[in-house]
Structures are given as structure tokens and as C-alpha cells.
Amino acid sequence: MLGLLRKLETTFEPGSDELADFVFKHGVILDRVGDYEESIATYTRALAMVVEREGPCSLSVAATLQNLSIAYLQKMDTDKALTCLHKALTIEVETLGHISESVGNSYNNLGDMYRMKGDSDTAIVNVQKALEIFLQVFGPGHSSVANTYVTLGSAFLSDTQIDKAIEYYHKALKIQVRSLGPDLATTYNNLGTAYLANGAFDKAIEYLNKSLGIYLRVLGPTHPNVATTHHALGCAFQTQGELGAAVDAFRTARSIRPAVLGTAHPDTCASQQRLAATASALAFSGA
């Protein structure tokens, strides 16, 4: 595929708008097939072309920086991802003003990146800015507001402010409950994880099962999200002492993850280790 895309590039006039647009789309294709190293190189070339064509402060430059930040994030290079996203945000604010959907999305993405980096305080500040913008732009019942509540809840959960995390997940739930789609399932899953961290195991199992039902219907039985939910259910059952149910849940997660993530992936290894430990405890208990 890469050779074909490079060959197609030669059909465009050097320095043309069409070539710059094609190179950008080339990067998107590489993202989708998971070739992030090459997509970074391609977006970097596209960025140089757009800067030469439009100058350093156009929205096209911001859009390319956004995609470049995502590619860096997929490569786990959070610092470079943050640098690109901050540059994109600066351009968006200067061009569109503070109150716009694009600026809100950038603040939300920054918050998520800072959470992944372990800087929960900065994550919360950025997501709160996104929330203020989306409430002004869309009003309180919009899906973007719901998704921002989820991001904010996850930032609070990373900061071990579990009650606040649960509060914001429930705010998201009130908006998403009409959809019965993957976003709702993710919020149920997040609530289950938060209740698990809070020691409310019955509630954790309730929300994780709700999440699992939607994921199975919408995504199918072998999706990574299904495996993640089974694993979380295993943790809840294990903590409650329901070892048989925990073994079943860990076994299901373990059966899905090698095929979709690989045998050496940390999540695959985690399910294998949990399954082995729980099965051993069950056998020792004589149950």
C-alpha cells in the first residue's frame, strides 16, 4: 500500500494544493491501518506543504497538527503529541476565538492527553475549559457535552477523586441514555470501574453488565471492549469472593485478547495472570 500511495503522489504537480491534500489523506490512510511511524512522516510532509501554501497560522495547519498529535499519541510519544496539539490550539484560538467547537475539542483532547501522561490537575483544567465552551456552543443536552463529562470523570478518577468521577459519569449518562450506543456502553463501563475503585462491588457489576450487553449487541463478541469489560467483571467478582464467576470472566477476556491484541500485549498478559491466580485460588478453596 505504501508503495502505491507514494507512486500516486508523483501524478500531482509538485507544490500544488492537490498534492498537499493527497499527502494529508495518505497520512489518514496510514493511521487507519496502524502504520503510525509512516503516518507521522507523511503528516510532517503534509504540514510543510500546507505551511508553504497558506502560512503557519491557517486552520489547515491546525488540522494537520491535530492529526499529527494523534499519530504521536498512538506511538506513545505524549510529549510530541502535546506540542502539536498546543500549536493547533493556538492557531484555532487566534483564528476562531475562544468560543468554538474546534477550540473545545482541542481542550478536551489536551485534557485526555495530560490524563494519560499522569498530570491529572492539568487534565482537569483543560477539560473544564472544554466543558464551558461546549455548554455555550451546544447547550446542556448535546453529545459533545456528554463526552466531555466522561473525559472529566476519567480525569477525576485518575486523580483518585472517585466521587467526583461518579458524579460526572452520571451527568453523561443522563444525556447518553437515549442513544443505547457505544458511548453509553463506555460510560456504563467507566461507572463500573469507578464503583469498583470505590468498593461498591454490586453497583460495579450492575453497570459493567449493562456495558457488556450493549457492546455485545453493537460491536460483537470478539471486540477488545468486550474483553475489557469481561476483565473488569472478573476483578469485581474476584474482590467479592465469587471466584467461579471471576474465572469465567477472566477466561472469556483471555480468549478474546490474544487474537485482537497479540499474545504479548500487556492486557492479554493481565487476563492470563488473573485467570491463573483466580483459578488456583478456586481450586485451593475446594469450591
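How do the axes of helix α9 and helix α10 cross, and which residues of the two meet?

A: This is a predicted model, in which local features need pLDDT of at least 70 and side-chain atom pairs count only at pLDDT 80 or more, while totals for chains, interfaces and linings use all residues. Residues are numbered from 1 along each chain as its sequence is written, and side-chain values use heavy atoms, with hydrogens and water left out.

Some context comes before the pair. The protein has 14 helices and zero strands, where helices are DSSP runs of H or I with at least four residues, strands are runs of E with at least two, and numbering starts at the N terminus. Of the 287 residues in the protein, 45% are buried (buried is under 20% relative accessible area, exposed is over 50% and partly exposed lies in between, with a 1.4 Å probe and protein chains only). Among contacts between residues at least 6 apart in sequence, 52% join residues at least 24 apart; a contact means heavy atoms within 4.5 Å.

Now the pair itself. Helix α9 covers residues 162-176 and helix α10 covers residues 182-197. Their axes come within 9 Å and cross at roughly 160°; axes are lines fitted to C-alpha atoms, for helices over the stretch in contact, and angles run from 0 to 180 degrees between N-to-C directions. The two helices are therefore roughly antiparallel to each other (over 145 degrees; under 35 is roughly parallel, 65 to 115 roughly perpendicular, and the rest oblique). The crossing of α9 and α10 is left-handed, that is, the near helix is turned anticlockwise from the far one by less than a right angle, clockwise being right-handed.

On the α9 side, the contact is made by Ile-162, Ile-166, Tyr-169, His-170, Ala-172, Leu-173 and Gln-176. These meet Asp-183, Leu-184, Thr-187, Tyr-188, Asn-190, Leu-191, Ala-194, Tyr-195 and Ala-197 of α10. By class, the residues of this contact divide into 11 nonpolar, four polar and one charged (Ala, Val, Leu, Ile, Met, Phe, Trp, Tyr, Cys and Pro are nonpolar, Asp, Glu, Lys and Arg are charged, and the others, Gly among them, are polar).

Leu-173 shows the contact at the level of one side chain. Leu-173 belongs to α9 and is buried, with a relative accessible area of 10%. Leaving aside neighbours within four places in sequence, Leu-173 is in contact with Leu-184, Thr-187, Tyr-188, Leu-191 and Tyr-207. Leu-173 and Leu-184 are 11 residues apart in sequence, with 6.7 Å between their C-alpha atoms.

The loop between α8 (143-158) and α9 holds Thr-160. Thr-160 is a residue other than glycine with a positive phi, near 60°, and at 65% relative accessibility it counts as exposed. Another positive phi, about 65°, is found at Met-76, also not a glycine. Met-76 lies in the loop between α4 (59-74) and α5 (78-96) and is exposed, with a relative accessible area of 69%.

His-231, Cys-235 and Gln-238 of α12 make the contact with Ala-270, Ser-271, Arg-274 and Thr-278 of α14. By class, the residues are two nonpolar, four polar and one charged.
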